[in-house]
Amino acid sequence: MRCVLLHPDPDRGGNQHNNVIAALFAALDDATRFDFISSDLAVATGQVLTQLHLGPAWLVGYSFGGAVASLIDDPRVLGWCLIAPALAMVDPVIGPDDRPKHILAAEHDTFFPPASLHHAAAGWTATTHDLVAGANHFLIGYETDVAEWCATWLAGAARR
C-alpha cells in the first residue's frame, strides 16, 4: 500500500526527517517522503500531485502536511490520514469525498486542538477521529504510537 508522507511547514523547520514523518517512514512498507520546497499552498499541492504521477497512494500528512493533503481530491488518492492537521490554515476540499479519512488529534495540541479539528471536519463523510492522549502538537515521545496507529488504520481502510 503506497503512502506519500507530507511533513510540517518548511518555513518553520519541517522536513522529511521530522520525528513523526521518520517514524511513519519506518513503519509503513511502501512510503515515499520528500521535502516541500515552499509553504506556498499551490507549490506544495503541486509537489504532491507530482508524487501521485507515480501511481495511486494514501496521503498521510502531519501538521502543515495534513493541511496540504486536505486540499487534494485527485482521483489517485486512495484516502487520507491527517495527523494534528493544520486545517485552520486552509479550506479543505476532501470533506464530501466518500474515500476514507482519519484525523488523529493530539490531546494537548495548542495550535490545532481536538475540538477545533472536530469542528473543522464536522459534516465530512467517511471520516473517523482518534485522540493521542497526553500528547502535544509535536508528538515527542508518541511517534511510534502514532505510526502504529496510522499503519493499523491504513490497513483497515485498505480492506474496505
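Predicted model: local features only at pLDDT ≥ 70, side-chain atom pairs only at ≥ 80, totals over all residues.
Local features need pLDDT of at least 70, side-chain atom pairs count only at pLDDT 80 or more, and totals for chains, interfaces and linings use all residues. Residues are numbered from 1 along each chain as its sequence is written, and side-chain values use heavy atoms, with hydrogens and water left out.

The largest nonpolar core has 27 residues. A nonpolar core is a set of buried Ala, Val, Leu, Ile, Met, Phe, Trp, Tyr and Cys residues joined through side-chain atoms within 4.5 Å. Buried means under 20% relative accessible area, exposed over 50%, and partly exposed in between (1.4 Å probe, protein chains only). F36, V48 and L59 touch the most other members of the largest core. At least two residues each come from strand 1 (2-6), helix 2 (41-52), strand 3 (57-62), helix 3, strand 4 and strand 5 (101-106). Helices (H or I, at least four residues) and strands (E, at least two) are DSSP runs, numbered from the N terminus. Helix 3 gives the largest share, 4 residues. A second, separate core holds 25 residues, including L5, A23, A147 and W153.

Contacts are heavy atoms within 4.5 Å. Leaving aside residues up to four places away in sequence, L59 touches V4, V48, L52, A69, I72, V77, G79, W80 and C81.

C81 is itself buried, with a relative accessible area of 0%. C150 is buried too, at 1%. The two sulfurs lie 3.2 Å apart, too far for a bond. A disulfide is a pair of cysteine sulfur atoms within 2.5 Å, and the structure holds 0 of them.

D73 sits in the loop between helix 3 (64-69) and strand 4 (77-83). D73 is partly exposed, with a relative accessible area of 44%. Its contacts, not counting residues up to four places away in sequence, are W80, V93, I94, D97 and R99. D73 and E148 are 75 residues apart in sequence and 25 Å apart in space, C-alpha to C-alpha.

The largest pocket contains about 300 Å³ of space. On a 1 Å grid over the protein atoms alone, a pocket is an open set of points where a 1.4 Å probe fits, with protein on both sides within 12 Å along at least five of seven lines; lining residues have an atom within 4 Å of a point. Of its 17 lining residues, P8, R12, S63, H137 and F138 are the closest to the centre. The lining has 9 nonpolar, 6 polar and 2 charged residues.

Conventions
Points joined across faces, edges and corners; volume = space filled by probe spheres on them. Nonpolar A, V, L, I, M, F, W, Y, C, P; charged D, E, K, R; others polar.
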